Amino acid sequence: MSQTDAGWGAGPSAGYETLAERFRPVFAEIRATAVERDRERRLPHAEIGWLREANFTTLRLSPEQGGHGASLPELFALLIELSAADSNVTNALRAHFGFTEDALCSSSPEWQAAWIARIGAGETIGSGVSETGPAKVGAFDTVVRRRDGKPVVEGRKFYTTGSLFADYIHLSADDEAGGPMTAAVPVRAPGVTIVDDWDGFGQALTASGTATFEGVALDPALIKPDPARFPYAMAFFQLVHLATLAGIGRAAADDVARLVAERTRVYSHGNAGRTADDPQIQAVVGRVRANAYAAGAIVLKAAEALQRVHDAHRGGSPDAERQATLADVEVNQAVSVVTDLILNATTSLFDALGASAVKVSAGLDRYWRNARTIASHNPRIYRDRSVGTFAISGEAPPRQYRVGSA
């Protein structure tokens, strides 16, 4: 069934349905075991492998590069659909899609060509940016030093989302002089250890745990010539979270509607002989669905802003910086709204069902747990403030968000 026929609205382009149909059988297969995998804490190695085989990880590359030539709105529409199947899988691929944008926007022709070729061949990249140690805001304890004239990585990362499933870890570190640098470290390089020790109550299958680098020799060709990320990076990474939330809402809406339709027991003080005919129950189902619809519409509107930055940057437009600022504003002002819509939807869906809906085997709790976990990244209260500051004074939002000791 097309997205339009399902009532979720038309896709972001005339060719979207054709593109999406390639992946929907894989999404359906992923969704079929999502509850079971969540309950058993079974990491989605196979599921991410299916997406690789379907060339989902090459979406943003041109057909000549081994991809599908998807626009950013098309990418985010597909991430919503994938998140409706399993939000863990979307989060596990977040760093990979961000690294792909780095490659597409790189100012180094050699580095760009090398990484587009690797991504086009199906190789993937996980995250190695965040740390939990005593490093100050804006600095890293992970350092790349020179030994016998060769770069060597020492350090520890946490929230290494997706790295356990990937071929490379996108590493942010300091050099010996304290300057920033980024590199891609092969996950199987001697001295690299990745542990699935993430113990969050949500998004438990993203392998967002610890990566340790002990004397890891680094090929200089894997060091990014310019450590800066693509110009819409912060907006992009946050919008992936919002797309994930929208997908969670869509799955929750589908599940509550199905369960209400199947329900045979009624309350003596209800309004109908069948739960599905009770207008109060129908209103709950409708509100959950409306929240999911609104969240998805907001995500796709913000994705248009990212596409404008991408096009301006790639075209060398002098307007690129202004478009990047506006994209940050659009995404930031979407954060609290989308978050509230989905947290409300994943809580109120239980009002349409009986006590049996809270059974672990039903898996409905994972929607709220996953949504609450995603919403805890990059606190939204600061997004609201930056939007207010922009509205009042025109001051641009921060281009980077970092965490550490004061």
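## A buried charged pair

In this predicted model, Lys-157 and Glu-131 are both buried (under 20% relative accessible area, with exposed meaning over 50% and partly exposed anything in between, for a 1.4 Å probe and protein chains only). Their side chains meet in a salt bridge, with N and O 3.0 Å apart. The pair links distant parts of the chain: Lys-157 belongs to strand E3 (residues 150-157), whereas Glu-131 sits in the loop between strand E1 (125-128) and strand E2 (143-147), 26 residues apart. A salt bridge here is a side-chain nitrogen of Lys or Arg within 4 Å of a carboxyl oxygen of Asp or Glu. Helices (H or I, at least four residues) and strands (E, at least two) are DSSP runs, numbered from the N terminus.

A few words on how to read the model. Residues are numbered from 1 along each chain as its sequence is written, and side-chain values use heavy atoms, leaving out hydrogens and water. As this is a predicted model, local features need pLDDT of at least 70 and side-chain atom pairs count only at pLDDT 80 or more, while totals for chains, interfaces and linings use all residues.

## The chain as a whole

Let's step back to the overall picture. The secondary structure comes to 12 helices and seven strands. The radius of gyration of the chain is 22 Å, close to the 22 Å that the globule rule gives for 406 residues, so the chain is as compact as a globular protein of that length. That radius is taken over C-alpha atoms, and the globule rule is 2.2 Å times the number of residues to the power 0.38.

Along its principal axes, the C-alpha trace spans about 80 × 45 × 45 Å. Of the 406 residues, 53% count as buried.

Side chains of opposite charge can pair when their charged atoms come close. In this chain the count comes to 26 salt bridges. One of them joins Glu-21 to Arg-24, with the closest N and O atoms 2.7 Å apart.

## Helices H8 and H9

Two packed helices are described by the angle between their axes and the distance between the axes. Helix H8 (residues 233-262) and helix H9 (residues 279-314) have axes that come within 9 Å and cross at roughly 155 degrees. The axes are lines fitted to C-alpha atoms, for helices over the stretch in contact, and angles run from 0 to 180 degrees between N-to-C directions.

H8 passes H9 in a left-handed crossing (the near helix is turned anticlockwise from the far one by less than a right angle; clockwise would be right-handed). Sorted by class, the contact of H8 with H9 has 20 nonpolar, two polar and three charged residues. In this sorting, Ala, Val, Leu, Ile, Met, Phe, Trp, Tyr, Cys and Pro are nonpolar, Asp, Glu, Lys and Arg are charged, and the others, Gly among them, are polar. Ala-292 lies in helix H9 and is buried, with a relative accessible area of 2%. Ala-292 and Ile-248 are 44 residues apart in sequence, yet their C-alpha atoms are 8.0 Å apart in space.

## Helix H10 and its partners

H10 and H12 pack at an angle of about 135 degrees, with their axes 9 Å apart. That makes H10 oblique to H12, and H10 passes H12 in a left-handed crossing. A salt bridge joins Asp-340 and Arg-380, at 2.5 Å from N to O. Asp-340 lies in helix H10 (residues 320-348) and Arg-380 in helix H12 (residues 380-393), so the pair ties together parts that are 40 residues apart in sequence. Asp-340 is partly exposed, at 42% relative accessible area.

H10 also meets helix H11 (residues 365-375): their axes come within 9 Å and cross at roughly 160 degrees. H10 and H11 are therefore roughly antiparallel, and H10 passes H11 in a left-handed crossing.

## Two positive phi values

Most residues other than glycine have a negative phi. Asp-148 has a positive phi near 55 degrees; Asp-148 is found in the loop between E2 and E3 and is exposed, at 80% relative accessible area. Tyr-159 also has a positive phi, of about 55 degrees, although it is not a glycine. Tyr-159 sits in the loop between E3 and strand E4 (168-175) and is partly exposed, at 35%.

Definitions and conventions:
Angles under 35 degrees count as roughly parallel, over 145 as roughly antiparallel, 65 to 115 as roughly perpendicular and the rest as oblique.
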